[in-house]
Amino acid sequence: MPTVSMTVNGKPAKADVDPRTLLVQFLREHLRLTGTHVGCDTSQCGACVVHVNGKAVKSCTMLAVSADGAQVVTIEGLADGQQLHPMQEAFREHHGLQCGFCTPGMIMTAVDMVNRLGNSLDEKTIRHELEGNICRCTGYHNIVKAIGAGAQAMGKGGGMQHAAE
Amino acid sequence: MSATGIGAAVRRKEDFRFITGKGQYTDDVSRPGQTYTCFIRSPHAHAKILSIDTAAAAAMPGVVAVLTGQDFAESKLGGLICGWTVLSKDGSPMKMAPHPALAAGKANHVGDPVAVVVAESVAQAKDAAEKVVVNYEVLPAVTDPAKAAQKGAPQIHEVAPNNTIYNWHLGDPDATAAAFKGAKHVTTLEFVNNRLVPNAMEPRAALAEYDPGSDSFTLWNATQNPHVARLVISAFIGMAPEHKLRVIAPDVGGGFGSKIFIYPEEVVCLWASKKVGRPVKWTAERSESFISDAHGRDHVTRAQMAFDDDGKITGLKVHTIANLGAYMSTFSSAVPTFLYATLLSGQYAIPHIYCEVDAVYTNTVPVDAYRGAGRPEATFVVERLVEVGARELGLDPTELRRRNFVKQFPYQTSVASLYDAGDYDASMQKALQIHDYKGFGKRKRESERRGKLRGIGFATYIEACGVAPSSLVGQLGAGVGLWESAEVRVNPTGSVELLTGCHQHGQGHETTFAQLVSERLGIPIENVTVVHGDTDKVQFGMGTYGSRSGAVGMSAVVKALDKVEAKAKKIAAHVLEAAEGDIVFKDGKFSVAGTDKAIDWGSLALQAYVAHKFPTGEIEPGLKESAFYDPTNFTFPAGCHICEIEIDPATGVTEIAAWTAVDDFGTVINPMIVEGQVHGGVAQGVGQALLEHTVYDDKGQLVSGSYMDYAMPRADDLPSLKVDTTVTKCPSNPLGIKGCGEAGAIAAPAAVMNAITNALGTEKIDMPATPQNVWAALQQANTLRQAAE
């Protein structure tokens, strides 16, 4: 079995894995980081989005061995200790989640969106950018609001790049 | 109103764990030594199982066991059941066919599980599953409900000739026929209410563990009602007595009805866990969800509405064929009957209604309650007829509605429902104003200048929630009562654990139920923990569905809090050395009227537990009370949704330009959460109207079996919504709550289709109104128009 090693949320992680192990399985089953979810088999729903080397990646579509040597950040690594990331705070403030299952992927996608497109995101852009993330609870209304507000907050110095990146 | 009490937009207590990745869904739970499953499912819609060869699979690496339907049959465990008996017109009971957890003898839909592999890892289970050889004899299949009862259709179950489960009816056929005879105008519509897949984002999952030491089971299960699951698995399947089976529903990632039901997979995991002596886990992959989660809707309907000279509705006739799939799921029988026909009066005074429903088996996944459950289908019938009737009579659709609204309450409909309170015109007026209905003509002309078609559509819906007095549902055939329980445990320091039989899977009960306690006891909301979803903690409860948690669950909490307050006052009287009648409880403080003698909540709680200052022969130490609340009626939320759309006639693409919702939910505990429920409901309704379609081919293969093929609403398919409320309090529960969880999904499909048909100028289009369907409808309408000219 091949050995993979990577940095996850700032900590080294290493394991021997079945070569077909997906990154999401490595995170959930080997590292017990169960905040990253699997909602579909077809890379459509985005519940599994994590950051690999600073970019949003659907971890159900990447082999763990492909992430060998990478810097990986999951939802568990986004907050700075007890200090929530501004995007996490925005989701809570604007009721951007209901059942919470899609939420980790939504937040990781949202942070990536801001990293790529900046802090002023209009509604149309946010809705378009969310094409790879499905939520069945919220109708997206409050997710869109939360991301807009979270993006602004990230620009106001609350906006650390997350600590581990 | 306090900052955390009733009516405050309190931010959710449960959010922290979800936004930091600390939620605990069933698949996140791991038990030492756990094994994993892969179900072998029938690839055929209808096939005899001639033999199953498991030898090669059993020899694969990591395989712990391979179990088949034959093994399950030999276990003598019972099958899955439908818990609501519906009688046909002739009084005969519905034809419920056996539903074994693993099919033996015959598979009846694509996805019907026939065997299971238990292995050390998911990958090994899947590898071995490929080596299980099932020899099938493929039989002809029927998937179209309109064809299921026809002569020559393949017969699915011996107990149900012509695949007919029941021929049910409600209302007075003769009086309704007479009303139609005297009608000035009759509007007729035929349509299909499209079949939907609920698609909660967390796939269903089960983890079962058997403890030989205590001869008991624990089941972690993604379910909306753990106690009902335990009851059915115990009493009907016979897995274990109730006190030897603990069901835990941890965080559950959405339900929308699909996680109410008791499914084969959890039963098989429990059975297998005892057989292999290790915990057994199953988590659905999305493709499995599509072929094993109960689907929703799937009606074929012909409906007629009669009007008099003044545009008053004089009668309604409805005939519906309801597809219940290959087996009768847990509550399937009630959905197209008691949750459907009883709402056919809508918001209107309709003197005569007659509804017939024929429920049929087909070789498809079972169909059961999905958000709204019967009420979206009823609303679609009524609101499409009213809108089309207005068009045919040349009346403004809001004017026709106004002329027919029920205005006096209570109002006894001709389909059994007793409406208790409402002001339908108030909701509509407010919606018209917010939406700027008057400006529609101008906006339409502006669209036309850009070559676009603009339409507006309404849905003034009604629903029935908080099902219902237990004695009534018993008369109607339900196998359970539909009350709810609550227990308030006050700790010696005054903090509170509130136990409820409701279960949250997105609704925010950990916040809203705590708001209720915070307001009543005058304690910080942080000092209240809401406990739910574990049969070892909560004594019994009926779970969450049918928008019942506020109306029924919170009413039980109020009753328990009444008892807590009453006992606390007795204790306070002794502590403060005053008469009990002089004790006043306000803002978290017990005081003696007219004096400055007082004791705060926390100190009183401590007194209750130290029991130093009151006679324990008269008053028991401690402070813990429970209550069961049985509703006295359904609740009847209602409202007005307005949808405005713009169609590109060149492509058929429909864009929702604006949406206004004004709902009357009675008392609102947390407006932020209520608005969120409306947003989500509307999104699911818009999904049904514009995007979502479950397609079976004539061999019974599910063609739309993944997110590549089944169009889930995405963020850019939906608009931002204008959401507001009007309030008439529900008179039948102590808080005046009506329920809000399903309204959006109930109102939206009719509102969207009324808008699209308004824009197109033709009624001949079924849901989903995809660009292809809209474009085709437009071409057909143009062709007919040109032919007529």
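Predicted model: local features only at pLDDT ≥ 70, side-chain atom pairs only at ≥ 80, totals over all residues.
1. The peptide bond that joins M767(B) to P768(B) is cis, with omega about -5°.

2. Is E763(B) buried or exposed? A residue counts as buried if 20 or more other C-beta atoms lie within 10 Å of its own. E763(B) has 22 other C-beta atoms within 10 Å, so it is buried. Leaving out residues up to four places away in sequence, E763(B) touches L189(B), V388(B) and T757(B).

3. **Helix 20 of chain B: length.** Helix 20 has 18 residues, and at 1.5 Å a residue they should span 26 Å. The end C-alpha atoms are 25 Å apart, which agrees.

4. An α-helix has 3.6 residues a turn, so residues three or four places apart point the same way.

5. **The nonpolar core.** The largest nonpolar core has 301 residues. Helix 19 of chain B gives the most to this core, with 13 residues. V117(B), L344(B) and L498(B) have the most contacts inside the core. Take V117(B) as an example. Apart from neighbours within four places in sequence, V117(B) is in contact with residues including T37(B), C38(B), A57(B), V63(B) and V66(B). A125(B), A128(B), A129(B) and V132(B) are also among its contacts. In soluble globular proteins, nonpolar side chains tend to be buried together.

6. **Chain B overall.** Chain B has 20 helices and 28 strands. Its radius of gyration is 28 Å, close to the 28 Å that the globule rule gives for 789 residues, so chain B is as compact as a globular protein of that length. Along the principal axes, the C-alpha trace spans about 95 × 75 × 50 Å. Of the 789 residues, 58% count as buried. Among contacts between residues at least 6 apart in sequence, 80% join residues at least 24 apart.

7. **Chain A overall.** Chain A holds 5 helices and 5 strands. From the N terminus on, they run β-β-α-β-β-β-α-α-α-α. A compact globule of 165 residues would have a radius of gyration near 15 Å, and the 15 Å of chain A agrees. The C-alpha atoms fill a box of roughly 45 × 30 × 25 Å along the principal axes. Buried residues make up 57% of the chain. Of the contacts with a separation of 6 or more, 64% are between residues 24 or more positions apart.

8. **Where the chains meet.** How many residues of chain B are in contact with chain A? The count is 42, and they face 44 residues of chain A. Helix 1 (15-19), helix 9 (286-292) and helix 18 (671-691) of chain B each supply at least two residues to this side of chain B. Helix 18 gives the most, with 7 residues. By class, the side of chain B that touches chain A has 18 nonpolar, 14 polar and 10 charged residues.

9. **Backbone points to check.** A cis peptide bond also joins F409(B) and P410(B), with omega about -5°. P410(B) lies in the loop between helix 11 (397-404) and strand 16 (411-412) of chain B. In chain A, R32(A) is not a glycine, yet its phi is positive, near 60°. R32(A) lies in the loop between helix 1 (23-30) and strand 3 (49-52) of chain A. R32(A) is exposed, with 10 other C-beta atoms within 10 Å.

10. E577(B) has a positive phi of about 50° although it is not a glycine. Its loop runs between helix 16 (549-575) and strand 22 (583-586) of chain B. E577(B) is exposed, with 9 other C-beta atoms within 10 Å. E577(B) and E763(B) are 186 residues apart along the chain, and their C-alpha atoms are separated by 75 Å.

Key:
Residues numbered from 1 in each chain as written. Chains lettered and ligands numbered in written order. Contact = placed C-beta atoms within 7 Å. Helix = DSSP H or I, 4+ residues; strand = E, 2+ residues; numbered from the N terminus. Nonpolar A, V, L, I, M, F, W, Y, C, P; charged D, E, K, R; others polar. Buried ≥ 20, exposed ≤ 12 C-beta atoms within 10 Å, placed from the backbone. Expected span 1.5 Å × (residues − 1). Core = buried A, V, L, I, M, F, W, Y, C linked by C-beta atoms within 7 Å. Rg over C-alpha atoms; globule rule 2.2 N^0.38 Å.
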